[in-house]
Amino acid sequence: MSDSTATVPQARLAQLAGVARAAVTQWRTRHADFPAPVDAGGDLRLADVIAWLDKRPIPANRRGLDEPAGVTYGDRVRRRLRIADDPGRDRVQELAALGTEFGGNAFRAEFLYLLLCLTYLRLYDHDRWSRLTRSVPPDGDPGMARRLLRGVVALADESLAAPDLISTSDAPPTRLRPRAFEPVRKVIALVAGLGPADFARLRAAYLRQVSIGGYVISTPQGVARTMVALLVGTPVDGDALIYDPFARFGELPAEFVRAAGDPAVMAGDKLAAVRVRAEHPDPAELRLAGMWLAASGTPAELAVTPAPPPGGATFVLTNPPFGKHVEDTWLRHCVNSLAEEGRAVVLMPYGAGFAGKATMRRELVDQGALIAVVALPARMFSNTRVGVCIWLLRRPTGRPAAVRFVDARRRGQAKGLHVEFDATDVASIVAAVTAQGRVECSVLATPEDIQARGYSLHPPEYQDRMFTPSPADVARAELEALATDVDLPSYTTGDGWPGRPLRELCDIRNGVPHRSLTAAVGRAGIAGVIVPVVHPRHLRSGIVKAAGAPLADAASLEPYRLRAGDVLWVRTGAMGQAALVGDDQSGWLPHTNLLRLCVIDPGELDPAFLLAFLLQPAVLARIRERSIRSTTTSLRPDILGELVMPLPPLAAQRDMLAALDALDDHAASLQRRLDAVRAARPIFGQHLIDGTIVLTEREAL
């Protein structure tokens with residue numbers, strides 16, 4: 001294979017290229033630049049014919065399962081020759097072994113980045129690869145090696161048509177420090193034998209390496225395929241412009257390109273061609289995105305500075321950064337970047353649907369820009385447990401519109417610590433989004449429904465019967481079924497109570513900060529205002545049971561001291577415990593891991609009614625869904641404050657509490673009787689069996 005004088009018969013070439021013998025004949029007769037035979041038998045010089053085949057991409061319907069978009073017949077011939085020559089050789093492993101010669105670990109991210117640049121040039125820009133290989137001298141020094149590495153990055157940027165947008169000065173390979181020139185020459189020689197599958201393998205290794213610290217995130221394949229699948233049914237007439245304003249590593253536009261190249265996926269569409277604009281503020285990530293898109297068959301327009309395409313994009317596909325209250329900004333940018341009939345599919349954290357101010361959420365619903373929200377499992381990503389939702393958007397219509405909410409959190413298959421989607425999962429989510437009416441895990445909510453929930457856009461909340469008043473006949477039938485075994489207080493049916501967000505009814509604060517609490521506990525044995533500290537373990541069955549609680553000096557912590565009527569909530573870890581602060585605990589301090597809810601107007605809300613609301617199973621489930629998930633589960637005051645609770649008149653609240661107390665008393669009475677029966681059974685049995693007591697004749701019968 002490496003011999004420049006090697007020849008190949010035309011029949012053998014057809015085998016290596018995976019085409020019929022007639023195809024080689026057509027190449028030879030129809031293309032004037034096809035290499036001429038070198039002998040009377042019609043044999044062809046192998047190097048010349050591979051170079052010619054490098055210019056002929058394999059059509060989508062002719063590619064093998066392991067061949068990506070953009071692969072050429074020349075690539076296929078090389079790969080099959082390598083397998084025939086040395087089927088057991090693993091050049092990627094050989095390259096990894098050379099990594100230590102570049103000043104670091106064999107799998108160091110900078111070294112893998114260099115291999116990606118080299119492999120990209122080798123596979124997808126043969127002219128620049130040839131220019132690079134011709135420029136490599138037989139020997140040199142470390143300084144020459146470093147200059148050559150900078151040249152590799154410059155050639156990649158030149159190939160991506162982005163020399164003015166991407167700076168090579170801080171590219172990862174420039175941070176490598178080869179100890180000699182020879183390892184660089186060996187790396188280039190080994191890369192010459194790599195194929196498209198090796199490029200994908202190196203990219204996956206690089207993403208694994210940079211994701212270890214949790215600072216760099218790529219979109220999982222299952223998420224990317226789901227996002228793209230939600231766009232497949234959108235009619236397109238002509239070219240499609242895909243815009244990703246935070247391209248990460250190019251996975252979303254590349255997935256669209258892959259789907260667009262599959263006639264079975266895009267059947268019925270009039271899609272002519274796909275163009276891509278990809279942006280990212282980090283040149284290193286943008287370069288990799290550009291290389292991956294070029295490898296997928298669609299070179300992209302790359303930009304470090306945000307600039308929506310003139311006229312808008314056909315589709316916006318993006319996984320923007322989370323946190324720091326930027327979600328609303330990204331949503332507005334994506335909607336504003338759409339063409340008139342365009343669609344946007346944006347990945348958002350759970351909290352974007354309910355946390356903070358509802359201004360942007362209200363705007364999307366009232367202007368008809370939101371089509372659907374899909375909640376995905378919380379462990380889709382390899383380096384974060386934060387749950388995400390897919391938001392499907394369009395240009396504002398100016399009129400409120402119903403929104404489809406799909407709860408897909410239980411879909412997928414667990415693979416170790418993470419969840420993955422297969423084709424069935426993706427298809428079921430698409431079917432749920434496009435369903436007519438209500439189906440399993442899919443609800444079409446009216447603008448009025450959404451407004452009644454404070455413009456929450458979190459899908460699980462719309463699957464919950466607890467927060468949707470039942471029809472009167474349904475409620476009565478359900479309670480009558482219970483009344484056969486339980487003596488319920490008298491009741492009649494109603495239309496449901498108006499709701500208010502907790503932030504309007506309560507002052508919600510965290511407990512004492514950890515550092516301040518530690519210092520206060522340390523001062524408890526010296527002087528000051530000594531009070532007990534309520535820990536999460538002290539919240540039991542709605543009351544505070546704090547016997548033996550640790551003491552702390554509260555002299556400098558006056559704003560944190562509890563008052564009778566405050567409600568405490570465990571905000572981290574295994575949430576769900578809540579309790580009402582009694583007169584005996586007034587003035588105590590709440591632990592760091594507690595939230596304190598202080599009713600603003602006791603004439604409007606009874607603290608005991610607030611506690612009863614928080615302890616409802618459906619409310620507990622919703623609060624857990626709204627919690628922030630990273631290494632642990634926690635709840636911020638602002639997130640709890642967005643929860644909407646029913647607010648009946650104060651007199652009605654107290655009547656309800658009395659009715660619930662009556663049920664509690666009845667349950668306690670039954671429990672006492674049950675405990676007495678259970679205690680009597682073994683004693684009675686013992687005396688009965690040993691003959692100390694004898695059943696009367698009537699009892700025996």
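This is a predicted model: local features need pLDDT of at least 70, side-chain atom pairs count only at pLDDT 80 or more; totals for chains, interfaces and linings use all residues.
Residues are numbered from 1 along each chain as its sequence is written, and side-chain values use heavy atoms, with hydrogens and water left out.

**Exercise 1. Get an overview of the protein chain.**

Step 1: Start with the secondary structure, which comes to 25 helices and 26 strands. Helices (H or I, at least four residues) and strands (E, at least two) are DSSP runs, numbered from the N terminus.

Step 2: Now look at burial. Of the 701 residues of the protein chain, 48% count as buried. Buried means under 20% relative accessible area, exposed over 50%, and partly exposed in between (1.4 Å probe, protein chains only).

**Exercise 2. Is glutamate 255 buried or exposed, and what does glutamate 255 contact?**

Step 1: Find glutamate 255 in helix H12, residues 251–260.

Step 2: Check its relative accessible area: at 9%, glutamate 255 is buried, because the cut-off is under 20%.

Step 3: List its contacts (heavy atoms within 4.5 Å). Leaving aside neighbours within four places in sequence, glutamate 255 touches Ala224, Arg225 and Val228.

**Exercise 3. Explore the nonpolar cores.**

Step 1: A nonpolar core is a set of buried Ala, Val, Leu, Ile, Met, Phe, Trp, Tyr and Cys residues joined through side-chain atoms within 4.5 Å.

Step 2: The largest core has 95 residues, and Leu118, Val187, Phe199, Tyr206, Leu317 and Leu376 touch the most other members. Helix H6 (residues 109–124) gives the largest share of this core, 13 residues.

Step 3: Look for another core. There's a second, separate one of 63 residues, which includes Leu505, Trp569, Phe609 and Val619.

Step 4: Zoom in on leucine 317. Apart from neighbours within four places in sequence, its contacts include Met227, Val228, Tyr243 and Phe256.

**Exercise 4. Which residues of helix H7 are buried, and how are they arranged?**

Step 1: Helix H7 covers residues 126–135, and its buried residues are His126, Arg128, Trp129 and Leu132.

Step 2: Look down the axis of H7. The buried residues fall within an arc of 160°, so they line one face of the helix. The arc is that of the directions from the helix axis to the C-beta atoms.

Step 3: Check the other side of H7, where Asp127 and Arg134 are exposed.

**Exercise 5. Trace the open sheet of 3 strands.**

Step 1: Read off the order, E19-E16-E22, with mixed pairing. Two strands pair if DSSP finds at least two bridges between them.

Step 2: Find the edges. Strands E19 (551–553) and E22 (589–590) each have a single partner strand, so one side of each is left without a neighbour in the sheet.

Step 3: Follow one pairing. Strand E16 (residues 530–534) and E22 pair in the parallel sense over 2 bridges, and valine 533 has leucine 589 in E22 as its bridge partner.
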